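Work through the following exercises with the sequence and the coordinates open. Each task is followed by a solution in steps.

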Amino acid sequence: MAGFLVCLGILLVGKRIERTLEILNWVMVATIIAVLVVLALVFTPPGVWARTVVGFTGFDLAEGRFALLPSNVDFFLLGAFAAFTGAGGIANMTLSNWARDKGYGMSGNAGYIPSAIGGKKVELAHSGFRFTPTPGGMERWRGWWRITKVDQWGIFLVGAVLGMALPAMLYQAFIPEGTDIRGLGAAAALAEAMGAHGGRWLSVVVAMIGFWLLFKTQLDLMEGMTRSITDILWTGSKRIRAWRGGDVRLVYYVVLGLGVSWGIVALKLAQPIVLLQLAANIGGAIFVFGSFHLLYINCKYLPVEVRPSMVRRVGLVAFAAFYGVFVFLWLRAAL
């Protein structure tokens with residue numbers, strides 16, 4: 001409950017919510033990655049590094065064969081991993097929304113979602129803007145596109161891979177294979193194991209990093225969910241856009257308040273790990289439909305010159321199919 005309230009407090013201040021998150025995430029991500037790199041270099045044996053790197057291809061060095069799925073797989077758990085790994089699934093669909101609030105390209109004409117404290121009323125457009133694909137317009141578009149690609153390939157992808165690989169290596173090095181750590185002590189399991197090896201100070205450091213990771217995830221997911229619902233309401237209802245003078249902050253913070261209230265109640269209904277798995281799998285299912293919707297919008301409304309290439313279209317369909325397989329498997333196992 002305290003985590004929800006802290007997240008709520010953070011999202012109240014600043015000029016733009018996106019900018020507040022950006023500054024906080026730079027601090028959290030830089031701290032988390034730096035500490036994890038040091039811990040992995042100091043405490044993880046070379047064999048675990050090799051196994052992790054090769055494991056991204058699906059090859060298991062220990063068994064000497066490709067093992068894409070573990071034995072006795074829990075598809076509900078595996079589907080949650082797939083949907084949350086690297087902000088996979090529905091979380092990816094909010095990235096363009098944050099780019100809009102930063103003012104990239106034509107989104108500079110659309111407005112943004114301001115904060116309640118420190119922000120001011122902003123006219124947020126309920127539809128997008130298209131530029132005329134003149135030579136000058138295309139040159140400026142390619143400049144913005146380069147920035148977006150650096151952000152996604154150079155920062156987001158690298159950060160996501162490191163964020164997956166480094167904790168995995170530490171868990172391999174200190175937690176016996178097959179240990180079930182899905183209970184309330186999941187976040188503390190690695191801290192206890194490393195503390196037994198390196199002393200109390202190490203346990204405290206790992207526990208703090210685990211807290212930062214979970215808190216960052218909670219903050220980003222809560223804001224992303226609120227942002228998505230706000231945009232759906234804002235674009236889909238004239239009445240909501242006209243409510244209380246057309247201030248999008250009212251819509252955003254009402255949705256946020258309802259989400260926080262429900263989250264506090266939901267924590268009493270089941271263990272957090274169960275709620276986390278359920279939310280992840282539902283997110284994966286939504287991404288399947290969202291992928292085809294995104295493909296339709298991009299191919300129908302964007303100028304021909306900037307529509308996604310065939311490679312990107314095929315890639316989007318492939319990822320929708322990837323998540324669709326996990327949705328099918330966990331639903332089949334559940335039913």
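This is a predicted model: local features need pLDDT of at least 70, side-chain atom pairs count only at pLDDT 80 or more; totals for chains, interfaces and linings use all residues.

Residues are numbered from 1 along each chain as its sequence is written, and side-chain values use heavy atoms, with hydrogens and water left out.

**Exercise 1. Overall description**

Task: State how many helices and strands the protein has, and give their order.

Solution. Helices (H or I, at least four residues) and strands (E, at least two) are DSSP runs, numbered from the N terminus. On this basis the protein has 12 helices and 2 strands. Read from the N terminus, the order is α-α-α-β-β-α-α-α-α-α-α-α-α-α.

**Exercise 2. Size and surface**

Task: Compare the radius of gyration of the protein with that of a compact globule, then describe the box, the burial and the surface.

Solution. 
- Step 1. The radius of gyration is taken over C-alpha atoms, and the globule rule is 2.2 Å times the number of residues to the power 0.38. For 335 residues a compact globule would come out near 20 Å; the protein has 22 Å, which agrees.
- Step 2. Along the principal axes, the C-alpha atoms fill a box of roughly 60 × 45 × 45 Å.
- Step 3. Buried means under 20% relative accessible area, exposed over 50%, and partly exposed in between (1.4 Å probe, protein chains only). Of the 335 residues, 34% are buried.

**Exercise 3. Contacts along the chain**

Task: Among contacts between residues at least 6 apart in sequence, find what percentage joins residues at least 24 apart.

Solution. Contact means heavy atoms within 4.5 Å. Of the contacts between residues at least 6 apart in sequence, 70% join residues at least 24 apart.

**Exercise 4. Aromatic pairs**

Task: Count the aromatic pairs and classify F59 with F66 and F76 with W330.

Solution. 
- Step 1. A pair of aromatic rings is described by the distance of the centres and the angle of the planes. Rings of Phe, Tyr and Trp (its six-membered ring) pair if their centres lie within 6.5 Å; planes under 30 degrees apart count as stacked, over 60 as edge-to-face and the rest as tilted. The count by this rule is 10 aromatic pairs.
- Step 2. F59 and F66 are 5.1 Å apart centre to centre with 80° between the planes, an edge-to-face pair. F59 is partly exposed at 23% relative accessible area, whereas F66 is exposed at 55%.
- Step 3. The ring centres of F76 and W330 lie 5.5 Å apart and the planes stand at 55°, so this pair is tilted. F76 is in helix 4 (residues 75–84) and W330 in helix 12 (residues 310–334), so the pair ties together parts that are 254 residues apart in sequence. F76 is partly exposed at 23% relative accessibility; W330 is buried at 12%.
- Step 4. Ring pairs also link F287, F322, Y323 and F326 into a cluster.

**Exercise 5. Sequence separation and distance**

Solution. 
- Step 1. V35 is in helix 2 (residues 17–43) and is partly exposed at 22% relative accessible area. Leaving aside neighbours within four places in sequence, V35 is in contact with V205 and I209.
- Step 2. P176 is in the loop between helix 6 (135–174) and helix 7 (186–198) and is exposed at 57% relative accessibility.

Methods:
Accessible areas come from the Shrake-Rupley method with a 1.4 Å probe; for residues, only the protein chains shown count as cover.
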